[in-house]
Amino acid sequence: MSSGIVFPRTDSSIIADDGDSLTFCSTCAFSQACLSEGMDKSALMDLHVLVEHVGPLHAGEHVFREGDAFGAIAAVRAGTVKTYMLDSDGREQVLGFHLPGEVIGLNAVHEDRYPCNAVALDTVMLCRFSFPRIAMLATRLPYLQRHLFRLMSRDIGVASLFAGDHSADERMAAFLIGFSRRLAQRGFSPRRFQLTMSRTDIANYLRQAPETVSRVLRRFERDGLVSIKQRDVEILDMARLEAMALTVLRH
């Protein structure tokens, strides 16, 4: 039996979930870092006033575009955000998919401009944080500063994840297991979830042809690893899928 909420959950209770006077909203990307400093929401009003709630954004609406001036990072509260770049011929290169509790925009810190595009794949709610002010706060809160560095290094790690010479099966297994683990960290079911991105986007991200992705998923179904109904996925054999993903995820 799967435990946890099946992703995506965009009903009114989560979209409106802003916690209360003491607690952070359920998908806050920074709550753990702040709580580790012994600070609840009431002690962090100087952080909370930095927060601008954005949304709902609907599928196809952009959070930011490549070249826009950088001044804020955004944490996903609900939905999925895709980041991508366009090459010189206008072809799209998918960089990543960002889930509730994850932060977008950190890769703009160095150049002061966003180096990619970010677009909503479904109904998306965001919290936008002024980066200069959260960076200033981080100098006073060492755990928050470490958390920011961890988020930055995670972005770098994810960007290089599929750069190696891995088989189509290993890439897809790693994608599904990585997705499952990220959802589990936020209280969603690790075994049942919806793929909110298209097969074409998944193929682009994995650096494969769309027909290869479809063929691998059919084989995974036939082998009893997963059950797939349109975009709904259920992982049936987590251990075998993790073993297959091991060479990509390396842990």
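Which residues does Met172 touch, not counting residues up to four places away in sequence? Select Met172 and display its surroundings: Ile202, Leu206, Val213, Val216, Leu217 and Phe220 are touched by Met172 when residues up to four places away in sequence are not counted, a contact being heavy atoms within 4.5 Å.

Before going further, note that this is a predicted model, in which local features need pLDDT of at least 70 and side-chain atom pairs count only at pLDDT 80 or more, while totals for chains, interfaces and linings use all residues. Residues are numbered from 1 along each chain as its sequence is written, and side-chain values use heavy atoms, with hydrogens and water left out.

Helices here are DSSP runs of H or I with at least four residues, strands are runs of E with at least two, and both are numbered from the N terminus.

Now colour the 4 strands of the open sheet whose order is β1-β10-β12-β11 and whose pairing is mixed; two strands pair if DSSP finds at least two bridges between them. At its edges are β1 (5-7) and β11, each of which pairs on one side only. Neighbouring strands of this sheet are turned by 30 degrees against each other on average, direction ignored. Zoom in on β1 and β10, which pair in the parallel sense over 2 bridges, and find Phe7 opposite Phe193 in β10. Helix α6 lies across β1, β10, β11 and β12, running at about 125 degrees to β10; axes are lines fitted to C-alpha atoms, for helices over the stretch in contact, and angles run from 0 to 180 degrees between N-to-C directions.

**The antiparallel sheet**

Turn next to the other open sheet of 4 strands, ordered β2-β9-β4-β7 with antiparallel pairing. Because β2 (51-57) and β7 (103-104) stand at the edges with a single partner strand each, one side of each is left without a neighbour in the sheet. Follow β2 to strand β9 (residues 124-130), to which 5 bridges join it in the antiparallel sense, with Val51 opposite Phe129 in β9. From β9, move to β4, its antiparallel partner over 6 bridges, where Ala78 stands opposite Met125 in β9. Of the 7 residues of β4, 7 are buried, so β4 is largely enclosed by the rest of the structure. On to β7: 2 bridges join β4 to this strand, again antiparallel, and Ala75 stands opposite Val103 in β7.

**Helix α4, side by side**

Select helix α4 (residues 131-140) and show its side chains: the buried residues are Phe131, Ile134, Leu137 and Ala138. They cover an arc of only 125 degrees around the axis, which puts them on the same side of α4; the arc is that of the directions from the helix axis to the C-beta atoms.

Strand β3 (residues 62-64) pairs with β8 in the antiparallel sense over 2 bridges, Phe64 having Ala118 as its bridge partner. Strand β5 (residues 81-86) also pairs antiparallel with β8, over 4 bridges, and there the bridge partner of Lys82 is Val119.

Finish with Cys116, buried at a relative accessible area of 1%, and Cys127, which counts as buried at 6% relative accessibility. A search of the whole structure finds 0 disulfides, a disulfide being a pair of cysteine sulfur atoms within 2.5 Å.

Conventions: Buried < 20%, exposed > 50% of the residue type's maximum accessible area, 1.4 Å probe, protein only.
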